[in-house]
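Here's a quick briefing on two spots worth a look.

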Amino acid sequence: MPSTTETASTAAGAKRGRPGYDQQSVLRIAVDVFNRHGYDATSMGILADNLGISKSAIYHHVPSKGDLLKLALDHALGGLEAILEQPEATSGAADSRLEFVLRQTVAVLVDRLPFVTLLLRLRGNTDIERDALERRRTFDHKVAGLISAAGNEGSLRQDIDPRTVTRLLFGMINSIVEWYKPGGPLSPEKLADDVITMAFDGLHSQP
């Protein structure tokens, strides 16, 4: 028969492990719930129901719903921001750097699809959301700078404002979250190839 000390230790261990999740598991499920219900409409009670644990068990992992949102947005934005720090994005011809950034943006979107989906659906109702949207605007502005530089180098047309090109490019790329199915017949690599072909060559058949 176990001692009182052993029983207490076992009970404490069971209590600590009772939620059955680590923080990343809680985060992944929370992001799915945010995307289905909307962040504003998701209460801690709804999260607890989807996790199959009590609200107090969620607080075992994160202090608040807002902290879950921030973790999720940092994961999405961190992936995008890291692209611009890669050597292929910082040196060489501007059009080559732009192609690299667009390919990697598609790769991050596919790899972190639920997180980027959440980012793209933000309404800016909280400081956390507004900060994330500002970070995303900074990313877009840097891409616009690459487009402008490529135009100045003569590798891209200059008759369309770089900001318009940026909006059109990311309108196309961002739409991926609405229809792309990971694990389907369209691989992430082929998807990136198709985006680059559309962006740089358009729909006209090549001679």
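Contact here means heavy atoms within 4.5 Å, and helices (H or I, at least four residues) are DSSP runs numbered from the N terminus. This is a predicted model, where local features need pLDDT of at least 70, side-chain atom pairs count only at pLDDT 80 or more, and totals for chains, interfaces and linings use all residues. Residues are numbered from 1 along each chain as its sequence is written, and side-chain values use heavy atoms, with hydrogens and water left out.

**Helix 10**
- Thr-166, Leu-169, Phe-170 and Ile-173 are its buried residues (under 20% relative accessible area; exposed is over 50%, partly exposed in between, with a 1.4 Å probe and protein chains only).
- Those buried residues fall within an arc of 90° seen down the axis of helix 10, so they line one face (the arc is that of the directions from the helix axis to the C-beta atoms).
- Arg-167 and Leu-168 are exposed on the other side of helix 10.
- The cover over the buried residues of helix 10 includes helix 7 (94-111), helix 9 (127-153), helix 11 (176-179) and helix 12 (188-201).

**Asn-35**
- Asn-35 belongs to helix 2 (residues 23-37) and is buried, at 17% relative accessible area.
- Beyond its neighbours within four places in sequence, Asn-35 touches Pro-114, Thr-117, Leu-118 and Arg-121.
- Phe-115 is 80 residues away along the chain, yet its C-alpha is 8.9 Å from that of Asn-35.

Notes. Helix = DSSP H or I, 4+ residues; strand = E, 2+ residues; numbered from the N terminus.
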